[in-house]
Structures are given as C-alpha cells and as structure tokens.
Amino acid sequence: MKKLAGIFIFAFCAAAFAATNELQTVADPQPLLEKLRSRMEPVKTVAMDFTQDRELNLFAEPLKSEGVMLMERPDKIRWETMSPYQTILLGDENSVAQFEFTGGKWQKLKLGFSQMLARVMQQMSAMNQGNLSAMTNDYSVSVSTNNGFVFIMVPKDEKIRQMISSLEIHLAPDLTATREVVMNEPNGDLTRITFSHEKHNVQFPARTFDQNKPLEISSVESALKNAP
Amino acid sequence: MRRKFLFLPLLLMFAGCVTHHFSPPPGLFPANAFITQRATFTARGKQFPLDGFLAMSETGGKRFVITAMMGVVVADILVKPDGKIYIMRSSQMFPEKYIRNGVARDLECIFGGADDKNCPVQMLDRKHFIVHRFGYTLDVRILDVKPGPQPAKLFDETKAAKQ
C-alpha cells in the first residue's frame with residue numbers, strides 16, 4: 001500500500017505543474033529552483049485545462065481524458081475530469097473529497113486512501129508555490145534546458161522507482177507557465193499531461209473548492225471567462 | 001403485519017433487479033472490441049474509482065487492464081476462451097488472489113463467458129452494471145465500445161507472468 005501511495009503522490013505532484021529532444025543539463029539547479037519559487041510567489045490562483053494521454057505499450061492508441069485543474073493558495077486544489085467521464089477531486093491541507101457523476105447526479109465518494117491523498121494535496125500545493133525543494137527528501141531533482149526548462153524528478157525509493165522511473169515537468173522559459181508533465185515508467189508506459197489556457201490570479205467564485213457541494217464547473221468557467 | 005406488507009414488495013423488487021445467474025444479452029457486446037469503462041469499487045465502507053480497458057477477441061480471449069488514479073495500473077489479466085486465467089500484473093490494491101477470484105469472475109459475468117451461476121449482477125441499462133458480492137460492490141459504467149479485431153499480441157499467454 002505504501003508503494004502505491006508513493007506512486008499516487010508522484011503522479012499527483014506531476015499535476016502540480018504543467019520539449020524537445022536536445023536537452024542540456026543545468027549543472028547547479030539550485031538557482032533555478034530559487035528563481036522558480038520567486039516567480040511563483042505572486043501567483044495566488046491558477047486555472048488551466050489539461051489533456052491526459054495514458055500511453056500503454058499494450059494498446060495502439062493513447063487513452064485520453066480531459067479536464068481542468070484549479071488551485072488557490074495556500075492549499076486548495078480542484079482536479080476535474082470532464083471527459084470521457086466526470087469526476088471531481090477536491091483537496092486542501094486537511095482533507096480530500098471526490099465526486100463521481102453517475103446516474104445523472106453527483107455522488108460524493110467515501111474515499112479510500114484519503115490520508116494519502118491529503119498528503120498528495122499538501123505536496124501539490126508546495127509545488128504550485130514553486131517550492132520544489134520540499135520534494136528533495138523523496139526525489140532527486142535535476143534541471144535541463146532547451147526552449148524552456150525541464151525539471152526531472154527521480155524517486156529515491158527503489159520500490160517506487162521500479163514502477164515510476166522519472167517525472168518530467170516542462171515549464172515555459174520564464175518559469176511561470178506549465179506546459180507538460182510526463183510520468184515515465186520502466187517498461188516504457190507513460191502518462192503525458194498537457195496543459196493549456198493557463199490563467200493566473202483569477203478570482204474563483206464561492207464554492208469552487210467546496211468539499212460538500214462544489215460549484216458546477218460550467219459556473220466556475222463562466223465566472224473566469226473574462227479573466228486575463 | 002404492516003411491516004410484512006411493506007417488506008414483501010421491496011423484496012420482490014430487489015429480487016427482480018438482481019439476478020445471481022446474469023449473463024449479458026446476446027449482441028450487447030461485440031465479440032471483437034475494445035471497451036473502456038469507469039467503475040467504483042466499494043469495500044469495507046470505502047470507495048475507489050477505477051478505469052477499465054478491455055480488449056475482447058473471439059479467438060484470443062479477454063485482456064483487461066485496470067488503472068487507478070492518474071493511470072497507475074493496479075491489475076492486468078488475460079482470460080483465454082477456455083477460461084484459463086493469466087495474471088499479467090498485480091498490485092497491493094489487487095493482489096493475485098483477488099484478481100483471480102474477483103476481477104476475473106466479474107469480468108466474465110458482465111462481458112460473457114462465465115460458466116458458473118454465481119453472477120449477482122444488476123443491469124441498470126445497457127451501459128451500467130452493478131455487481132453485488134459478499135464483501136464488495138462494483139459499479140461499472142461502459143464509456144465506449146470500439147468494435148473491431150484486436151492485436152493478437154494482447155492475447156499471447158506466453159508473455160503472461162503467472163498462470
């Protein structure tokens with residue numbers, strides 16, 4: 001169960017951020033980590049769309065899902081899959097909640113792994129604030145550059161590494177926008193999360209992060225429509 | 001007396017919905033297809049959302065992969081047309097024993113091929129099934145059915161980890 005928890009944490013941390021083949025490794029990543037933290041400092045909220053491609057060697061086509069990710073400092077997160085099914089995952093420092101749309105209505109799940117997910121959410125918040133150093137206990141972090149920056153995180157725990165070999169976080173050159181996250185597995189399977197329409201410092205309407213009755217995403221999007 | 005009368009229609013209604021020897025209506029699923037599903041697995045009062053990916057082949061059998069959050073594979077199973085089960089990948093969430101005795105059985109109940117009568121499946125509509133077992137409930141929704149032949153490599157038991 002611990003191993004599974006580690007994988008979930010690893011996967012979710014990927015989502016806290018959003019290539020080319022010619023990567024050049026940055027010798028000392030520490031200044032970049034500090035720059036990332038300072039660039040993210042003024043970002044109080046984030047809203048972006050995502051497309052997730054699950055590429056399994058077994059199947060010819062990637063398995064696609066789409067949705068939105070919303071974050072509000074210090075710790076609120078909403079990860080909502082809108083296609084091919086609808087599910088909402090909400091979290092903050094203390095708790096998590098998940099809703100599934102089934103039988104024509106939203107159902108709140110009595111979620112398993114809730115403590116683990118709460119920890120995941122804490123780490124996601126830390127990463128969203130550019131605090132990658134919070135992850136260095138569990139991951140070796142290196143940075144490569146091309147027409148942007150790629151933060152590469154390798155799990156220190158060998159058991160986790162047997163299932164997830166590395167995580168790539170692709171950022172824009174100014175470090176303020178997440179472009180893509182790739183979670184690599186030793187057997188060649190991977191999960192690619194591509195982000196778009198990223199907006200910073202938007203004003204979320206009430207109940208956007210409500211863990212009992214979250215506002216419908218259409219209402220959230222409507223409120224954000226004119227945000228820069 | 002009043003309670004008995006209330007109980008009787010409820011019992012009849014319930015008995016009418018859940019059959020313990022369910023098998024899918026003929027033609028519900030193509031013999032050769034790729035089928036994606038979303039499921040909620042409930043056990044010990046906790047619920048776990050899962051995704052299912054099933055490749056079906058008339059001659060090859062069924063190859064079924066279950067993923068949990070963020071696409072982590074928690075089970076991978078091959079069931080041959082003769083009923084032989086090959087566990088390709090297990091996990092702490094779904095150990096081999098659970099896959100063999102639970103996942104494989106439910107797979108055959110919903111998508112056809114079960115030869116025992118122990119299939120307590122409620123079919124809410126053509127794309128929604130609930131499996132009621134002692135110890136757990138599985139709520140399965142069919143998201144997409146792509147008819148067509150599936151690659152032979154999916155059903156190659158020589159690549160199976162354990163039989």
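What is the mean pLDDT of chain B, and what share of its residues reach 70 or more? I looked that up first: the mean is 84, and 84% of the residues get to 70 or more. For my notes, pLDDT is the predictor's confidence in each residue, from 0 to 100.

Ground rules. This is a predicted model, where local features need pLDDT of at least 70 and side-chain atom pairs count only at pLDDT 80 or more, while totals for chains, interfaces and linings use all residues. Residues are numbered from 1 along each chain as its sequence is written, and chains are lettered from A and ligands numbered from 1 in the order in which they are written.

Confidence along chain B. Helices (H or I, at least four residues) and strands (E, at least two) are DSSP runs, numbered from the N terminus. Over residues 3-16 of chain B, pLDDT stays under 50, and the model has 0 contacts there beyond four places in sequence. A contact means C-beta atoms, placed from the backbone, within 7 Å.

The interface. I noted an ipTM of 0.78 and a pTM of 0.81 for the complex. Chain B puts 23 residues into the contact and chain A 24 residues. On chain B's side, S2 (33-43), S3 (46-57) and S9 each give two or more residues; S3(B) has the largest share, 5 residues.

The sheet in chain A. I traced 12 strands in an open, antiparallel sheet, with S1 (24-25) and S7 (105-108) of chain A as edge strands. Pairing takes at least two DSSP bridges between two strands; S6 (residues 96-102) of chain A and S7(A) have 4.

Terms used:
Contact = placed C-beta atoms within 7 Å.
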